[in-house]
Amino acid sequence: MGSPRPSPRARAGHSFAAAAGPLPAEVAAEVAAACRSWQGGGSVLGLSFVADAFRELQQDTERRLRRLLAIPEHYRVLFLAGGASAQFSLLPLNLLAGQGAAYVETGHWSRRASAEAARYGPVAVATGEGGAWRVDPAAAYCHLTSNETADGVQFRDFPALPVPLVADMTSDFLTRPIDFERLALVYAGTQKTIGVPGLTLVIVRDALLGRAHPATPRVMDYAAQAAAGSRLNTPPVFAIFVAHAMLGWIERRGGIAAMAQAAERRSGEIYRVIDGSRGFYRNRIEPARRSRINVCFGLADDRLTEAFVAAAERCGYSGLRGHPEVGGIRVSLYNGTPDPAVAGLAALMREFPSLVG
Ligand code: PMP
């Protein structure tokens with residue numbers, strides 16, 4: 001514990017931060033090269049959204065997404081800006097059409113989504129246990145957060161409901177298959193699992209388009225953007241470029257099945273240390289609801305939390321503090337997380353009790 005702090009360069013560092021996921025080295029190199037010169041021309045940073053080359057890039061991004069997730073023909077893919085938080089307002093604006101909505105509240109982000117929707121129309125909090133949620137059949141839609149980034153809980157399966165189901169998949173998009181039989185709309189910011197901030201993907205069933213409130217900004221109207229190929233105004237060109245590169249990497253690594261296996265393997269490694277620590281580390285979430293992406297835990301003696309964070313930082317592992325509302329430790333394991341970093345952190349977790357014991 002008292003060893004001198006190694007220089008940042010000497011450390012095999014890794015950020016386990018929840019807010020943004022790492023790009024695999026291969027993808028980062030591809031992006032860096034394209035910032036200098038892309039397709040034999042200038043930098044991708046100056047790519048015009050009306051250029052044919054961008055249109056082809058966007059179309060290929062959509063093709064990759066459709067292949068990876070088996071997105072049915074009758075769903076549109078929208079490339080929007082504004083982050084997932086903007087969708088908290090845009091969903092009710094686009095879908096309520098004078099009705100109410102149901103919200104499943106499982107943690108911080110679903111509560112944020114629900115509170116925002118309540119500004120636009122009546123919101124009923126769905127009640128239920130396990131997978132059986134009771135929802136008013138007259139609701140325009142039901143919203144849930146597939147993975148609660150702050151709380152470390154995740155839906156394994158999505159409930160079958162009498163109304164269109166909408167999922168915020170910002171923190172587990174492309175880490176698992178998507179059941180489009182159950183989900184009418186999926187949205188996700190891309191900064192955690194497939195790239196950099198700036199792009200929000202909305203995958204929406206055709207039948208839900210065309211209901212927007214007349215005051216909806218045109219550039220935020222799903223139907224208007226669908227009709228314009230998401231180029232009604234300037235889309236986030238660079239973030240789309242990075243997502244395209246990440247999607248190529250995911251395909252080369254074996255697609256969604258490989259991402260899902262990696263998520264299970266990496267989170268399993270951390271949960272095994274927690275469960276084998278005789279109560280030194282604590283996670284009270286029942287195993288079937290534990291997140292495979294954001295592993296949250298506390299130390300039985302909370303006074304050791306800061307010592308743990310400091311010990312991890314000495315090993316080069318940063319971004320481990322829990323969400324401010326939740327506290328404790330949070331290990332975020334997005335698609336680009338390298339396995340050796342997870343193994344290194346797990347080893348530190350096993351060793352730490354003896355360092356402070
Ligand atoms: N939903 C979830 C599940 C999130 O984890 C986050 C960000 N951590 C958001 C929404 C908000 O994303 P943004 O800040 O990009 O709007």
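**View 1. A346 sits in helix α9 (residues 339-356).** The model shown here and in the views below is predicted. A346 has a relative accessible area of 0%, so this alanine counts as buried. Which residues does A346 contact, leaving aside neighbours within four places in sequence? They are E269, I270 and V273. F297 is 49 residues away from A346 along the chain. The C-alpha atoms of A346 and F297 are 13 Å apart. F297 returns in the next view, as part of a ring cluster.

**View 2. Ring pairs join F280, Y281, F297, F308 and F352 into a cluster.** The model has 12 aromatic pairs. One of them is Y281 with F297, in an edge-to-face arrangement. Y281 belongs to strand β13 (residues 281-282) and F297 to strand β14 (residues 294-299), so the pair ties together parts 16 residues apart in sequence. Y281 and F297 are both buried.

**View 3. Y281 also pairs edge-to-face with F308.** Here the centre-to-centre distance is 6.1 Å and the angle between the planes is 75 degrees. The link runs from strand β13, which holds Y281, to helix α8 (residues 305-314), which holds F308. These distant parts of the chain are 27 residues apart.

**View 4. K192 is a buried lysine with no salt bridge.** K192 is located in the loop between β11 (183-189) and β12 (200-205). How far away is the nearest side chain of opposite charge? That side chain is D168, at 8.8 Å. Backbone oxygens do approach the K192 side chain. The one of A18 is 3.0 Å from a polar atom of that side chain. For the backbone oxygen of A19, the distance is 3.3 Å. Setting aside residues up to four places away in sequence, K192 touches A18, A19, A20, G21, T149, T170, S171 and Y334.

**View 5. Strand β7 (residues 142-145) has buried residues pointing both ways.** C142 and L144 point one way, H143 and T145 the other. All four residues named are buried. Strand β3 (residues 101-103) pairs with β7 in the parallel sense, over 2 bridges. Y103 has H143 of β7 as its bridge partner. Strand β10 (residues 165-168) also pairs with β7 in the parallel sense, over 4 bridges. In β10, L165 is the bridge partner of C142.

**View 6. A70 and S230 have positive phi without being glycines.** Most residues other than glycine have a negative phi. For A70, phi is about 50 degrees. A70 is in the loop between α2 (52-69) and β2 (75-80). Its relative accessibility is 57%, so A70 counts as exposed. For S230, phi is about 60 degrees. S230 is in the loop between α5 (222-227) and α6 (237-252). Is S230 buried or exposed? With a relative accessible area of 2%, S230 is buried.

Terms used
Residues numbered from 1 in each chain as written. Predicted model: local features only at pLDDT ≥ 70, side-chain atom pairs only at ≥ 80, totals over all residues. Heavy atoms only, no water. Phe/Tyr/Trp six-rings, centres within 6.5 Å; stacked < 30°, edge-to-face > 60°. Buried < 20%, exposed > 50% of the residue type's maximum accessible area, 1.4 Å probe, protein only. Lys, Arg positive; Asp, Glu negative; His and termini not counted. Salt bridge = Lys/Arg side-chain N within 4 Å of Asp/Glu carboxyl O. Polar contact = N/O pair within 3.5 Å; in protein donor to acceptor, adjacent residues only side chain to side chain. Contact = heavy atoms within 4.5 Å. Pairing = 2+ DSSP bridges.
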